[in-house]
Amino acid sequence: MQNKTKNIFFKIISGLVLIQGVLQLLNLLGLVGYGRTTTSATKFYLGLVLIGGYAVAAMVGGYTGLKDGNTQEGCKRCFYVSLVLIAITIATIKAYSVTQFEALIIPVLFMLFTILNGRKNL
C-alpha cells in the first residue's frame, strides 16, 4: 500500500512539473511577443534561454514521470531532469532572498519523489 501511495504522489508531482513547463513556455512566448524590456540585451536573451530551457526540461521531466515513472530507467531520467530544473531555478534567483527560494519547492519535491519512487523499483 505504501508503494502505491509513493507512486500516486510521484504522478501528481510529475503532472505539476509538466503543467509548470507548459506555463513557462507560455511565459516565454509572452516575453517574445512583447519584445525587449528595460534590461540589457544580454540579460534579456539569457533570460529567454533560461526560461526556454526550464520549460523544455520541465515538460520532458513531467511527461517522463507520468509515462515511465514506474521503471528504474524512467526514474533515472527524472532525477537528472530534476537536477537541471534545480540548477536553472538557482540561476534565475536574483536577490537570494528567502521568498525567491520558494521557486525551488516543485523541483526539489520532484527530485525527492523521484528518489523514493526509484527505490521502490529496485
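Analyst: Start with Thr 64, which lies in helix α2 (residues 41–68). Helices here are DSSP runs (H or I, at least four residues), numbered from the N terminus. This is a predicted model: local features need pLDDT of at least 70, side-chain atom pairs count only at pLDDT 80 or more, and totals for chains, interfaces and linings use all residues. Residues are numbered from 1 along each chain as its sequence is written, and side-chain values use heavy atoms, without hydrogens and water.

User: Is Thr 64 buried or exposed?

Analyst: Buried means under 20% relative accessible area, exposed over 50%, partly exposed in between (1.4 Å probe, protein chains only). Thr 64 has 9% relative accessibility, so it counts as buried.

User: Which residues does Thr 64 touch?

Analyst: Contact means heavy atoms within 4.5 Å. Leaving out residues up to four places away in sequence, Thr 64 touches Gly 69, Gly 74, Arg 77 and Cys 78.

User: Where do the buried residues of α3 fall, seen down its axis?

Analyst: An α-helix has 3.6 residues a turn, so residues three or four places apart point the same way. The buried residues of α3 include Cys 78, Val 81 and Leu 85. The buried residues of α3 fall within an arc of 165 degrees (directions from the helix axis to the C-beta atoms), so they line one face of the helix.

User: What does Val 81 contact?

Analyst: Setting aside neighbours within four places in sequence, Val 81 is in contact with Ala 57, Gly 61 and Phe 110.

Note on methods: Helices (H or I, at least four residues) and strands (E, at least two) are DSSP runs, numbered from the N terminus.
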